[in-house]
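Let's take a walk through this model together, one region at a time. Have the sequence and the 3D view open as you read.

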Amino acid sequence: MRQLLLWVGHTCNRLRILPQKRFSSSAASTPKICIVGSGPASFYAAQHLIKTLPRAEVDIYEQLPVPFGLVRFGVAPDHPEVKNVMNTFTKTAKSPQLRFIGNVTLGRDLSLRELRDAYHAVLLAYGADEDQELGVNGEKLSNVLSARRFVGWYNGLPRDTDLPVDLNVEEVAVLGQGNVALDVARILLTPIDRLKNTDITEHALEALSRSRVRRVRLIGRRGPLQVAFTIKELREMLALPDCITVCKLQDFEAVRPLVPGLERPRRRLTELLCKAADSSPSGDLDESKRHFHLVFFRSPLSFYPSPDVPHAVGSMKLVVNQLDGQQQAVPTAITETVQCGLVLRSIGYRSTQADPALPFDTGRGRVPNISGVVHPGLYVAGWLATGPVGVILSTMTQAFGVGRAVEADVCSGRVDASQARPGHTAVAKLLSDRGVTTVSWKDWERVDAVERSRGEKVGKPREKIVDVQEMLAVSVGAGGT
Amino acid sequence: MAKVLAFSRILRSLHNTKYISRSLIKCQHTSAPLQCSSKTQPLPKKEIVEVTFVKANGERIKVKGKEGDSLLDIVVNNSVDLDGYGACEGTLTCSTCHLIFKKEDFDRLPDKATDEELDMLDLAYDLADTSRLGCQIIMRKDLSGLEVRVPATVNDARS
């Protein structure tokens, strides 16, 4: 046994010249690892595992028939450069060590127990796709929506395709001041000509071209020093054509003296905010332009129906906050009412517990873990592990770290890979018995080609297929072009 | 302006097809797109330059490139083993090609960082006063022999 473990250890050294024949009789040399989810965390972890465990088989199970998670469904259509990471992920996917199995849902088509029995190690990276609600009156009115679902709507996430969003309104309130909030504000305020050559979905482009939106308020409960968006996204917003950024100068009075003492990233971001405040128009607004308001120190108290469309939101009451010594928002007695025909809520996201056997922190909406390790053999990466924070670099860094933890556990024997596991063979049988249609990487490449060719006809990098049944049909070569 | 935009779009699509056009993309981010046209004319034979990448674990990787290559081009063309380096492929939308220079080298780099580059650097780990993005550093003959530090990306293993 000791000897065997030593041998398994050998497969982990980056030595690629190993006595092949000795191993061919022993499946112990093939650590079988599966990853659930196919976004950046998944692909970066897979990249690490393929490189450092050259004998490992890595299988990626994805709920949708198409890969890439938030790179496809989260990154804004007017940020095509960010999607270049798909080239690296594709390279990883084409490794003979990797298998992509799309259209498989953990907790529905397969249980965690079944995956754990089939594989030596299971790494979950299915993200955080449930949004936090405010819990205030009127939240159920129509056109009070999750910003993430709005993103899913314009990015072609199948479950959000039919989101009932009405853009026949002038005033929009976005609750939250992170990058998702800024993304949805930008999409609503961008001249339509700038979007029509992106991979934005046809239905969203059509709706946005008829949008009457003139004003978007980005409302935060705290102040300029606490914004969560990043500076690139703010700079982009300030440079948007025919759109004027509006701030209240008094919101910045307490901030300015603190600027020189801030760490560089926060300092530069705050300096840019101060600059925006300085060039903010005073007096009447130019009604021929669109306006983007940065609203600080406000929390929603309740939503009220519109007088014209009684089931839809028309206005909201906000309470004015102050910051206490710990920089937390404390409500005052002052309230105000603002008009809003559409509310997009972006105050936080949480993961769901995909399977009852998965340890889960319901309060924080994520899986408890230490550097991605739940316990040897079970791992979490990306937002399921960290909560929905950070840019792609943070996810990459975290996912490489989890990849290293899996590698270390396999190499040290904490994950016992000496006994063969069936891996995908067993899972494929379960899926076939259950009548689940799966999508391979080759199948995805057919979908990819059809999307690109449809896009080419309308001057877009791709026209995304937004319906799961159509994705499946195209993936097997039906319903082409 | 429309022409400039169309041109940069062409550059971008060119760029998406292969790595080597990245040095052209650089022009997108400067205020003088006309510089790009000069690059399309025949250039004198490019000199070979040398760069040493020093990884966080102390490993030193010495590689060759050509004048006009960005440091990212040199990493890619030499398949230097740096995980995750250059995720956005030189389009100034990530900070995975972060490098830290020696003070004296930093001071003699031909172009100062633009606001857009600094915006991305602000999201990098181990940000230093002499940090730059490798995709924005275009090699010249006089920079040959350069030694740059590749910061450890993994120092953020949050639970």
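In which sense do β8(A) and strand β10 of chain A pair, and over how many bridges? β8(A) and β10(A), the latter made of residues 290–295, pair in the parallel sense over five bridges. Two strands are said to pair if DSSP finds at least two bridges between them. Helices (H or I, at least four residues) and strands (E, at least two) are themselves DSSP runs, numbered from the N terminus.

Before going further, a word on the ground rules. This is a predicted model, in which local features need pLDDT of at least 70 and side-chain atom pairs count only at pLDDT 80 or more, while totals for chains, interfaces and linings use all residues. Residues are numbered from 1 along each chain as its sequence is written, chains are lettered from A and ligands numbered from 1 in the order in which they are written, and side-chain values use heavy atoms, with hydrogens and water left out.

Back to β8(A), which spans residues 215–219. On one side, Arg217(A) stands opposite His293(A) in β10(A). β8(A) also pairs with strand β7 of chain A (residues 171–175), again in the parallel sense and over five bridges, and here Leu175(A) stands opposite Ile219(A). In a regular strand the side chains alternate between the two faces of the sheet. You can follow this in β8(A): Arg215(A), Arg217(A) and Ile219(A) point one way, and Val216(A) and Leu218(A) the other. Five of the five residues of β8(A) are buried, where buried means under 20% relative accessible area, exposed over 50%, and partly exposed in between (1.4 Å probe, protein chains only).

Now turn to the helices of chain A. Helix α10(A), residues 231–238, is largely enclosed by the rest of the structure, because six of its eight residues are buried. Those six are Ile231(A), Lys232(A), Glu233(A), Leu234(A), Arg235(A) and Met237(A). They pack against α8 (179–189), β9 (243–246), α11 (264–278) and β10 of chain A, together with α6 of chain B; contact here means heavy atoms within 4.5 Å.

Ala207(A) counts as buried because its relative accessibility is 16%. Leaving aside neighbours within four places in sequence, Ala207(A) is in contact with Trp153(A) and Leu167(A).

The packing of α10(A) against α6 of chain B leads us to the place where the chains meet. The contact takes 34 residues from chain B and 32 from chain A. The size of an interface is often given as the accessible area lost when the parts come together. Between chain B and chain A the buried area (the accessible area, with a 1.4 Å probe, that two parts lose on being put together, summed over both) is about 2,900 Å², and carbon and sulfur atoms give 54% of that.

There are eight salt bridges between chain B and chain A, each being a side-chain nitrogen of Lys or Arg within 4 Å of a carboxyl oxygen of Asp or Glu. In one of them, Arg235(A) joins Asp115(B), with the closest N and O atoms 3.6 Å apart. On the side of chain B that touches chain A, α1 (2–17) and α6 (115–121) each supply at least two residues, and α6(B) gives the most, with six.

Gln47(A), in helix α3 (residues 40–52) of chain A, also reaches across. Leaving aside neighbours within four places in sequence, its contacts are Thr88(A), Thr92(A), Phe400(A), Asp83(B) and Gly84(B). At 16% relative accessibility, Gln47(A) counts as buried.

Finally, look at chain B itself, which has six helices and five strands. Of its 159 residues, 45% count as buried. Arg132(B), in strand β4 (residues 131–133), is one to find: at 3% relative accessibility, Arg132(B) counts as buried. Its side chain reaches the backbone oxygen of Asp111(B) at 2.8 Å and makes a polar contact with the side chain of Glu117(B) at 2.7 Å. A polar contact is a pair of N or O atoms within 3.5 Å; within protein, one must be able to donate a hydrogen and the other to accept it, and residues adjacent in sequence count only if both atoms are side-chain atoms.
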